[in-house]
Amino acid sequence: MNWVEIDIYTTSEGVEPLTGCLLNAGINGFAIKDSADFESFLSDKTANWDYIDDDLMGLKNCETTVTVYLPENAQGHENLEVIKAELKALKARETDVSFGRLEYCLKNVKEEDWENNWKQYFKPLQIGTKILVKPSWEKIDENESRKILEIDPASSFGTGQHNTTQLCLELIEANVKENDKLLDLGCGSGILSIGAVLLGASSVFAVDIDENSVKIAKENAEKNNISPDVYTARCGNIIEDEKLVDEIGKDYDVVCANIVADVLIAMSKSFSGFLKDDGTLIISGIIDSRKDEVLDTIKAQNFELIEIREKEDWVAASFKKKC
């Protein structure tokens with residue numbers, strides 16, 4: 001397997017929060033270069049050394065860098081989109097720039113080349129018992145009985161390749177009923193809310209903090225022949241934007257959120273207000289090590305845990321709002 005090397009630039013102060021974000025996103029293998037390590041080496045009075053290794057000397061004036069390695073395939077590209085979203089969220093939280101520039105660089109492949117090479121990785125994928133996710137260039141047997149969800153790779157999370165997306169779609173299939181009203185928080189490409197319409201939802205409202213994701217979600221809804229009367233997408237942050245919360249409204253049958261653990265926890269107090277009594281909340285994007293923390297936080301907000309699904313260290317769950 002080929003691997004893509006990604007350097008993320010930060011500061012000594014930013015290493016811990018940045019690596020924490022990576023761990024939350026399920027990326028637990030990384031290397032750190034930090035000039036502070038060189039200073040620590042020099043200040044160690046107990047060490048006995050005759051020379052300094054070239055690798056250590058290279059730390060003297062380096063920009064602090066966290067390096068991750070992603071597989072050069074569809075899963076790796078989804079992970080890159082998660083990293084980009086995490087960096088954007090971290091920048092928004094740390095306004096005094098003490099965490100550095102928080103930018104990334106692909107070292108051994110151009111990002112546009114990776115985008116263009118998607119076709120060799122991205123094949124039709126069966127999810128649950130009713131949905132088949134496919135890119136536009138793939139042909140499907142005319143006798144295919146599954147609902148066809150057509151989506152192409154783009155600079156937004158959600159092509160069905162990531163375990164969190166698959167788990168969330170499975171729970172949507174299990175819970176969405178005909179004519180349900182669904183809210184998709186952190187919509188990315190729109191795959192979850194589009195899937196909900198194909199499964200019978202009569203209307204959806206999709207929200208993302210990234211303007212480009214909202215644009216892509218609308219385009220993907222149109223590609224799947226979903227009318228703008230059925231599919232609404234808006235850019236904003238429900239935690240801070242009261243006007244957006246008012247526009248979203250209440251009495252949804254289902255709310256879904258496929259986001260990382262910290263954001264789910266931050267949003268936990270908002271979920272109940274969007275749902276009708278006995279409505280369903282579906283959450284995903286939870287790495288196994290954060291499972292209990294996230295589930296307990298949601299349960300404390302007047303929710304009853306109904307089902308947990310897990311796949312390769314990732315967790316999704318459904319809840320009922322208590323009346």
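Which side chain meets Arg-101 in a salt bridge? Select Glu-103: the two side chains pair at 3.2 Å, N to O. A salt bridge here is a side-chain nitrogen of Lys or Arg within 4 Å of a carboxyl oxygen of Asp or Glu.

Before you move on, a word about what's on screen. This is a predicted model, where local features need pLDDT of at least 70 and side-chain atom pairs count only at pLDDT 80 or more, while totals for chains, interfaces and linings use all residues. Residues are numbered from 1 along each chain as its sequence is written, and side-chain values use heavy atoms, with hydrogens and water left out.

Arg-101 has a relative accessible area of 36% and Glu-103 comes in at 38%, so each counts as partly exposed (between buried, under 20%, and exposed, over 50%; 1.4 Å probe, protein chains only).

Next, select Glu-5 and Lys-107, a salt bridge at 3.6 Å, N to O. This one ties together distant parts of the chain, 102 residues apart: Glu-5 sits in strand E1 (residues 3-9), and Lys-107 in the loop between strand E4 (103-106) and helix H5 (111-116). Helices (H or I, at least four residues) and strands (E, at least two) are DSSP runs, numbered from the N terminus.

Last stop: helix H11 (residues 291-299), where Lys-299 and Asp-296 lie 3 residues apart, about one turn of the helix. Their closest N and O atoms are 3.5 Å apart, a salt bridge. Lys-299 is partly exposed at 36%, and Asp-296 is partly exposed at 45%.
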